[in-house]
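Please go through the charged side chains of this protein with me, and set each label against the rule behind it.

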Amino acid sequence: MPNALMSETIADTAQTTSMIWIDATGLVREAGGEFSTVAGSGKKPVKGSDFLEEFLSDIAAGGDFSSENIAAQWSDQSSAPIEVVLKDGGKRMLTSYPHPEGGMVYLSISLPGIDRRQNICQFVVDNTPVPIWVNDLDGQIVYANKAASELQDSMSGDEISGGLANFVISRKNSQHLIGELETTQRLDNQVIRSESREGEEIWSIGNSTLADLDGQSLVISAVQDITGRKQIEDQNQRAREMLGDAIESLSEGFALYDEESKLVLFNDKYREGNKAVEDIIAPGLRWEILVRTLAKRGVYADAIGREEEWTRERLAAGRQYVQDYELTQTDGKTYSISVNPTKLGGFVVTRTDVTATKQAEATERESDLLVRKVLETCSAVVVMARIGDGQVLYRSPAAQELFGQHNSATDHYVSTTDRADYVTEMLVDGRVDDYRLNLVNLNGEVFPAKMSGRVADYRGEEVLVSHITDLTEQVETEAMIRKVLEACPVPVQMTNAETGKLLFRSPETIALFGDVKDAHAYYVNPEERKEYLELLSRTGWIDNRKMQYFDYKGRKFWGAVSARMIDFNGEKVVVSNTRDLTEEIAVQEELTSQREMLFQNEKMSALGELLAGVAHELNNPLSVVVGHALMLREEITEPDMVKRIEKISNSAERCAKIVKTFLAMARQRPAKMECLDVPALFSTAAEVAGFGAGGNLIDIRIRIDDELPDVMADPDQITQVVINLIINAEQAMAKAGEGDWIEVSAAMDKKRNALEISVSDNGPGVPRKLRPRIFEPFFTTKDVGEGTGIGLAFCHRIMHSHGGNIWLDSDYEEGSRFVLSLPARKSSPANTDADELVDDTGAAARVLVVDDEIDVADLITDILRKDGCEVEYANSGAAAMDLLRKHEFNVVLSDLNMPEMDGRKLFEAIRSQYPHLLDSIAFITGDAMGPASQKLLAEADCQFLEKPISPAELRGLVNGLLNNKKEMV
């Protein structure tokens, strides 16, 4: 295809092609067209990302592939181009290919933008960002895509003088490479160096394929820009060369071992310092092989004759990270060795030849004639004796004063074995420091001592020069300290910081941790000891660090450690005290529990006050609705009207019962108990819940076993609990869009002798992290305006007031399942019907109704008058007192909260002026749970009704007052 046609096609299609490049790390590097809005770092890979999902959502339904299949094939670089139809009728072709710098390039091409003279494959080649072209064997370009044309434009004139073919096939070797291409049909990964027009160096990898088209041999070529990678490789090579040069310039031997203890690199001085084993010094040499070879070839004197044992000791000790450790080989050379760890887990070894320095120091010591004069004037106890027979060659005045004039140093020791052990220890390294043993003074008394000695060459023979320190006072002091510590009533111990060996433990420590020998056994997590020692090493002290330990029985407990790091006998020692926090944690948990309980009580108290206010506002109008509805139901006989009145009455009574139920829960007073009718309870709950949001979509199932125990409970309260659980399940399933049934069941729990009611569903269930909080007051997962967070708290309160329980079944996995348990009890006999409302003479009862709410007073008056009572109404306490002065009454029914003279003041006035009426007074109130109301009702010890009231309750109250009065007469 001519370049002009190519350019024209590219121009036509550039506007209809969308491209996005996702690199190997999953980040968006470039994007164009409809994908340009997602360009920038921090985006996710193609699979599952926003732009792919959004694009696929526009694909029309149907066809051979689903959106998931299209996404999978689009992401597969080996798949053929995919044609899809969008919802708006447009057609697009989807294809992908790997990017030269890693990752994938995804193309979305509008098919109407493609020239009909091109097939799909031609179109893809034209629009791929990889430079691709075709030339003949003479180097003349037959075809170049857009990327190749842009590359040609960026190249310097010299580079493209022979055509783009010379860019892939080097000008110097073009004939050779063409011949190779004709033979192999392809050239792979040819590295090419070129220059841009700005003179910048460009590195590429070229690939060519020889193909035959209509009898003409054509070279199809493509390149990938690797300039950045080549620059990084050059920098790395330069860094390696500089590192090697720096290591070789060191004055000491240097070697680097990796985390597997393999030799990585070293300099010539390291090889020279290991002459005896230089034949094996090579990269990859393991540390263990080096140690074994050193022992086998007798490089170290202390390994001769005990090679295997010496090797095991060295390997068992691990790699000792030390500084300036002197090592003398059998060839007489002495090296100062340093071993240091690397951050990657390996270690570095440096070796410095200090032979000349050591020899000079020895010569200087031998030639120093002032040593004897110094010792003669010094108070130190110094003895020099032959190694073999122990003959004393020199003793300082202090030594003579301590030991006397013995000719042999053997006489200083309690036994010859003690000296033999001391000498043996000395000969290992030629020196001993702080060697402790008992010695004998000139009076034959044994005393504790500390000795430090060196092997020296004196006049051609080896001698021991020892410095002795009398430890009598120190030992006595230590004994006193030990006695004090052993009597200390707290766990105190001394531990070797490096090894963990226990040097001292008080009895309290043994009682706490048990009789163990190593402090490592204390820790539940060994890493905690490492962190603890690192901090202690930096600061020198730690106070009350909390860690978890094992006690003497292997049980875990929390403790607080306070420690100090000290130097003791040349070692780092930790002196620590560990305090058992078990009781303290228990006390803290108890305090936390009490605080939470107090907080819950405060919230419930606030809830009670809220309910009191709500009840006070609702009770009066509810009383009117309930009362008149019940009266109409008694008066009307027309079936349709009766049915409507019953609906009004039932709904109003349900509201009234709910208000009373909430009041009973808030003030924690006993519920109105009667024998529970489970089928009726379930029927009511299902009916009420059926009016919820999910009532028409969710199937509410009821399952009741044949054998159920008799249970005494407040049916209204238990019904409210079941309704609450059903509605909660409906709302959860509606919100999640999951689940279609709720089952309410009742069965006998023989194990607990209780009735078990369960409400289960196949919805989303309660998230595990929220389960501990679901019964907290005011805790809710619903949006603002959808839930108060008091429903489950009320349910919990109701069940506990019945002596029962409520819990979430954690083993139920299909959705959620709440279980109610009520203890089985014997039912009490039902109340008898009320007597007629007459006084003790048989005449109609006279009743005084006192209430500032006219509608409520009218309702009470109407109900009682229909039952034959003579009723007078007063709208205030003062008006009631006026009527009491004028008339006699059998019953006084008064509200509590009234302006000016309220219920309390009216009661006090009647008690003062009409004491014979005290047993005839009853209160009808909507605020029975208020503190003032509760106090008055307790002091008056009289009957009361809570609003809203029903005619039956009112008749029962008046009848009770009248009967009580008859019994008194």
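This is a predicted model: local features need pLDDT of at least 70, side-chain atom pairs count only at pLDDT 80 or more; totals for chains, interfaces and linings use all residues.

Residues are numbered from 1 along each chain as its sequence is written, and side-chain values use heavy atoms, with hydrogens and water left out.

Q: Why is the pair of arginine 564 and aspartate 543 called a salt bridge?
A: The term asks for a side-chain nitrogen of Lys or Arg within 4 Å of a carboxyl oxygen of Asp or Glu, and the closest N and O atoms of arginine 564 and aspartate 543 are 3.1 Å apart, so the pair meets the rule. The two residues link distant parts of the chain, arginine 564 lying in strand S24 and aspartate 543 in strand S23, 21 residues apart.

Q: What makes arginine 564 count as partly exposed?
A: Buried means under 20% relative accessible area and exposed over 50%, with partly exposed in between (1.4 Å probe, protein chains only); arginine 564 has 38% relative accessibility and therefore falls in the middle class.

Q: Why are glutamate 288 and arginine 292 separated by about one helical turn?
A: Because they are four residues apart in helix H10 (residues 287-296); their closest N and O atoms are 3.3 Å apart, and they form a salt bridge.

Q: Which residues does glutamate 252 touch, not counting residues up to four places away in sequence?
A: With contact meaning heavy atoms within 4.5 Å, glutamate 252 touches Asn267, Lys269, Thr350, Arg351 and Thr352.
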